[in-house]
Amino acid sequence: MAMASLSVSLFLFLLFTSSTTFSTDEMEEAELLGLFEVMTSLLDDPDWPLAHPLPCSQTPWPGIKCEIAQFPPLFHVTNIHIGPDVLDPPCKSSAYLSHALLKLPYLKSLSIFSCFTTSSVALFPALFHSLSYLEQLALQSNPSLSGEIPSSLGNATNLRVLSLSQNSLKGQIPEGIGGLLCLEELDLSYNNLSGGIPQAIGGLRSLSILDLSWNALQGNLPSSLGQLQLLQKIDLGSNRIQGKIPPNLGMLKKLVLLDLSHNFINGPIPQTFEGLEHLEYLILDHNPLNSVMPLFLGSLEKLTSISLSECGIEGPIPSSISSLRTLTALSLGNNNLSGAIPADLGQLPKLDLLNLSHNQLSGEVSFPDEFVSKLGKRLDVRGNEGLCSSCSQRHKEIEKRNNISVDSEETPYCLNPSGGRNDSEQQTAEDCKRIQAAWNQLEENGSSQTPTWDKNLMLTFWAFVAVVLCSGL
């Protein structure tokens with residue numbers, strides 16, 4: 001690869017010095033040559049320099065942006081973007097990160113998407129030592145980008161966005177990451193990173209988005225996360241994190257999304273979370289919380305999604321959940337919840353998914369027909385042997401039509417204590433018996449004082465009433 005790079009550099013240098021097409025009026029010679037080397041290392045078009053000899057002015061390319069300096073008035077390359085949205089020319093199969101990037105000292109943004117797919121590529125330490133102006137580095141969806149994140153990462157002190165997601169990076173998150181004081185977004189998701197989350201991450205005081213999901217990170221959640229007062233999103237799902245949730249996460253007043261799902265985190269949910277007044281998404285499913293649902297969840301008025309499935313949650317569903325008027329999804333399946341389902345859940349105007357399956361809930365399931373029809377298959381109360389359904393005929397028809405698991409063999413219709421009909425059916429039966437008895441008595445003990453036509457009329461009346469009321473039994 002080094003020999004090929006030298007050949008390309010020599011070719012471009014000779015081309016640059018011999019052709020009258022090129023001009024040094026717009027860029028410094030070293031920077032322009034460096035750009036040609038970088039693009040040749042990435043794109044499947046060896047003639048790219050010929051097609052774009054003046055990439056900042058007369059022969060631009062969609063993935064390159066430049067800024068002009070005041071003194072001397074020369075263009076400098078500030079943005080390079082390679083991705084599927086810039087189709088011509090595509091990345092070559094042997095694309096790699098060229099050290100010629102170091103010849104672009106004014107580079108502010110480097111984004112390369114779905115380019116490194118075959119040949120093994122690694123981040124080199126000098127990349128973070130030399131590019132002092134770099135504000136955004138986004139290398140995403142590059143399956144052959146592997147190796148470790150260099151410890152020199154902490155030297156890129158102007159970085160605001162660091163996104164290295166959906167690659168094949170491994171090793172630990174370097175402690176030096178705590179030196180990125182300007183960093184606002186950190187996304188290292190979908191890699192093979194291991195080890196713990198460094199306590200130094202608490203130094204990223206400008207951070208608003210933290211996504212380390214889908215790795216193999218271990219250890220406890222660092223308490224230093226509670227120092228990041230600007231955090232709006234924390235996604236640490238699908239790792240191997242253990243221990244308890246640090247109570248000081250409840251100090252993150254701007255937090256909108258918290259996803260700690262698919263880990264080994266223990267409960268309970270800290271009481272301090274009642275201070276998360278902007279929280280909209282609470283996703284903790286598939287963790288051994290083994291605790292009760294906290295009552296304060298009902299006071300988090302902006303919650304739109306609560307996911308606590310397979311968490312060992314026990315006890316009742318707090319009735320305060322029914323006060324969350326913005327709630328769209330409530331998933332509590334595969335727990336040990338007991339008691340009755342709060343009837344007012346069916347009155348929540350925006351609720352579109354309700355999963356209470358496979359718990360120990362009991363009592364009557366009674367939701368409005370409109371609610372059952374709206375949710376369809378997104379309403380699931382299967383696997384609760386103590387539940388029964390007391391529904392209208394229209395409700396039953398809706399369930400049957402939508403294959404809803406509210407009325408099924410697992411969720412029978414409510415029975416009275418003796419195991420007979422429900423209250424309304426029992427009352428009708430008793431009324432029928434009383435009418436039948438009165439009819440029989442009138443027929444058998446007719447009085448001579450009652451005119452024949454009156455007696456016949458009364459018998460006809462009682463017979464009619466008995467037929468109407470008893471025909472359904």
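Four strands make up an open sheet in the order β4-β6-β8-β10, and their pairing is parallel. Strands here are DSSP runs of E with at least two residues, helices are runs of H or I with at least four, and both are numbered from the N terminus. Two strands count as paired if DSSP finds at least two bridges between them. At the edges of the sheet sit β4 (121-122) and β10 (192-193), each pairing on one side only. Inside the sheet, β6 (residues 145-148) and β8 (residues 168-171) run parallel and are joined by three bridges. If you look for G147, you will find L169 of β8 opposite.

Before going on, please note that this is a predicted model, in which local features need pLDDT of at least 70, side-chain atom pairs count only at pLDDT 80 or more, and totals for chains, interfaces and linings use all residues. Residues are numbered from 1 along each chain as its sequence is written, and side-chain values use heavy atoms, with hydrogens and water left out.

**A hairpin and the whole chain**

Strand β1 (residues 64-68) runs antiparallel to β2, and five bridges join them. The two strands form a hairpin with six residues between them, and C66 stands opposite V77 in β2.

How many helices and strands does the protein chain have? There are eight helices and 24 strands. Of its 473 residues, 48% count as buried, where buried means under 20% relative accessible area, exposed means over 50%, and partly exposed lies in between (1.4 Å probe, protein chains only). Among contacts with a separation of 6 or more, 57% are between residues 24 or more positions apart; a contact means heavy atoms within 4.5 Å.

**The nonpolar core**

A nonpolar core is a set of buried Ala, Val, Leu, Ile, Met, Phe, Trp, Tyr and Cys residues joined through side-chain atoms within 4.5 Å. The largest one here has 110 residues, and those with the most contacts inside it are M39, I80, L186, L236, L308 and L354. Several elements supply at least two residues each, including α2, β2 (75-82), β3 (109-113) and α5 (369-375). The largest share, six residues, comes from α2. As for L308, its contacts beyond four places in sequence include I269, L284, M293 and L332.

**Aromatic pairs**

Rings of Phe, Tyr and Trp (its six-membered ring) pair if their centres lie within 6.5 Å; planes under 30 degrees apart count as stacked, over 60 as edge-to-face and the rest as tilted. The whole structure holds five such pairs. One of them joins F36 and W48 edge-to-face, with 6.4 Å centre to centre and 70 degrees between the planes. F36 belongs to helix α2 (residues 29-42) and W48 to helix α3 (residues 48-51), so this pair ties together parts that are twelve residues apart in sequence. F36 is buried at 2% relative accessible area, and W48 is buried at 0%. Another pair is F367 and F371: the ring centres are 5.0 Å apart and the planes are at 55 degrees, so this pair is tilted. F367 is buried at 6%, and F371 is buried at 4%. Ring pairs also link F36, W48 and W61 into a cluster.

**Some loop residues**

| Residue | Relative accessible area | Class |
|---|---|---|
| N287 | 2% | buried |
| S189 | 4% | buried |
| Q166 | 41% | partly exposed |
| H286 | 29% | partly exposed |

N287 lies in the loop between β16 (281-283) and β17 (305-307), and its contacts beyond four places in sequence include L260, H262, F264 and C311. H286 lies in the loop between β16 and β17.

S189 is found in the loop between β9 (185-187) and β10. Which side chain makes a polar contact with the side chain of S189? The partner is D187, at 2.7 Å. A polar contact is a pair of N or O atoms within 3.5 Å; within protein, one must be able to donate a hydrogen and the other to accept it, and residues adjacent in sequence count only if both atoms are side-chain atoms. Beyond four places in sequence, S189 is in contact with residues including Q166, D211 and W214.

**Backbone details**

Most residues other than glycine have a negative phi, and most peptide bonds are trans. Q166, in the loop between β7 (161-163) and β8, has a positive phi near 60 degrees. H286 has a positive phi of about 60 degrees although it is not a glycine. The peptide bond from G267 to P268 is cis, with omega near 0 degrees, and P268 sits in the loop between β15 (264-266) and β16.
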